[in-house]
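Please work through each task before reading its solution.

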Amino acid sequence: MRLFATQSEYSDRLAAALESENHCTSQSRLLIDQISIHQSNIVSLQEQNRRQAEECRQLKALLDDLERKGIRKVVDKAQVPVAAVVIMACNRADYLQRTIESILKYQSSVASKYPLFVSQDGSDPNVRSKAMSYDQLMYIQHLDSEPVQTERPGELIAYYKIARHYKWAMDQLFYKHNFSRVIILEDDMEIAPDFFDYFEAASALLEKDKSIMAVSSWNDNGQKQFVHDPYELYRSDFFPGLGWMLTKSVWDELSPKWPKAYPFFNLSYHFEGSSLGQFFQQYLQPIKLNNVKVDWKAKDLSYLTKDNYTKHFADIVRKAKPVHGTDAVLKAYNIEGDVRIQYRDQPDFEWIAHQFGIFEEWKDGIPRTSFKGVVVFRYHTTRRIFLVGPDSLRQLGIEDA
C-alpha cells in the first residue's frame, strides 16, 4: 500500500510538472509572437521614418529651388495668365528634356500668359534634377506611398498611380495656385507653332459654352494621310486625353469624382509614350504635327459653340455623297468630293475603319473622335470621309436619313 501511494504521489507530481512545462512553453510561444509583432512594427516604423526623412529632404530641396527662382519670375502678377501648362512626368528624364525644349521654343515669348510647371510622380533623381535645372519653370512633386488596391483582377497598378498623380497636380494648380485654366501635357509630347495661340482663342469658347468639357490639341486620326487643312476644327463626343485644357469650374465638378484608374491637325505630337510596338508604329508615329503658324485669335470660332455646331456639321455631312456596298472604300477613293459611308454597328465600323487604316477602337460605346457617331477624316487628298453611325443622320437632323 505504501509503495502504491508513493507511486501515485510521484505520478501526480509528474503530471503537474508536465502541465507546468506545457504552460511555460505556451507562454514562451506567446512572448515570441509578441516580440515578432513588435519587431515587424519597428521595421514598419523605421521604413515610415525613412520615407518621411526622404520627403523632408525633397521638400527642403523644393523650398531652396523656390527661393532661388522666386515664384514672381514665373507668374507675372501684372499679367493674368491664360492657363498654367503642366508637364506630367515620372521617370524619363531624357523624354522630359525633349518635351520642355519643345515647349520653351514657343512659350518663352508668352511666358507670362502660360506659366510652365513640371509635376513629377515619385522621386526619380534624374527627373527632379532635369526639371530643376530650368529657371523658366516651376517644379512640383507628388510623393504617394499609399498602397494601391485595384478594383478588378488583372488591372495595372500604374493606371491607378497615374490617376492619383493627375488629380493631385490639378488640385495643386487650381486650388493652391488658383489658376483659372490648366493645359495638361505628358512628358513625351512636342507642340506646334500655333499651340498657344490656339488655346488662347479656345479659352474664350470654354468660358462662353459650358457644354464644352475640354479643348484638345490632339486628334487620334491625325496621321499625315488623314489630314489636310490646318485651319479645320471639330467638336467630338470622345475625350482625346492628350494635350488638353480645362477650366477650374469643370474641375470643381470632376475632382470629387475623379476615377481611380485613367483640332484636326495635331497641335501636339506624342513622340513615344507607353504605347509601343505595332500600336505606336501604326497610329502614333505617323501623326502629323502642324507646322503652319495659324493666327487663331483672328478666327471666328463661334461655329464651334453648341447652338451652332450641330447645324454646321450637319450641313457638311448632308452634302457628302452616300456610298454603299462592300466595295465602299474603293468607291470612296475614286470619287471627287466628300463621301459618307454608313456603318451598322461596332463590328461593321471596325471592319470599315480597318480598311482605311484609322483607329478602330471604341470606348464607352462610341468610336474615337466621333461626334453624334460620325467619324471624319481626310483620305490622301482634300476629300473628307464621313463614317456615319446607324442613328447619326437622325441626331443631326438630316432629312434623307
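**Exercise 1.** In this predicted model, identify the buried residues of helix α11 (residues 346-356) and state how they are arranged about the helix axis.

*Solution.* Step 1: the buried residues of α11 are D348, F349, I352, A353 and F356. Step 2: viewed down the axis of α11, these buried residues fall within an arc of 130 degrees, so they line one face of the helix. Step 3: an α-helix has 3.6 residues a turn, so residues three or four places apart point the same way. Step 4: P347 and H354, on the other side of α11, are exposed.

**Exercise 2.** Determine what covers the buried residues of α11, and describe the N-terminal cap of α11 and the residue that follows α11.

*Solution.* Step 1: the cover of the buried residues includes α10 (328-333) and the strands β10 (339-342), β11 (362-363), β12 (366-367), β13 (375-378) and β14 (384-388). Step 2: the N-terminal end of α11 is capped by D345, which has a side-chain oxygen 2.9 Å from the backbone nitrogen of D348. Step 3: after α11 comes G357, with a positive phi near 95 degrees.

**Exercise 3.** Classify S255 as buried or exposed, and list the residues it touches beyond four places away in sequence.

*Solution.* Step 1: S255 is located in the loop between α7 (248-254) and β8 (268-270). Step 2: the relative accessibility of S255 is 7%; the cut-off for buried is under 20%, so S255 counts as buried. Step 3: with residues up to four places away in sequence left out, S255 touches K167, D171 and Y175.

Definitions and conventions. Residues numbered from 1 in each chain as written. Predicted model: local features only at pLDDT ≥ 70, side-chain atom pairs only at ≥ 80, totals over all residues. Heavy atoms only, no water. Buried < 20%, exposed > 50% of the residue type's maximum accessible area, 1.4 Å probe, protein only. Helix = DSSP H or I, 4+ residues; strand = E, 2+ residues; numbered from the N terminus. Arc of directions from axis to C-beta. Contact = heavy atoms within 4.5 Å. Polar contact = N/O pair within 3.5 Å; in protein donor to acceptor, adjacent residues only side chain to side chain.
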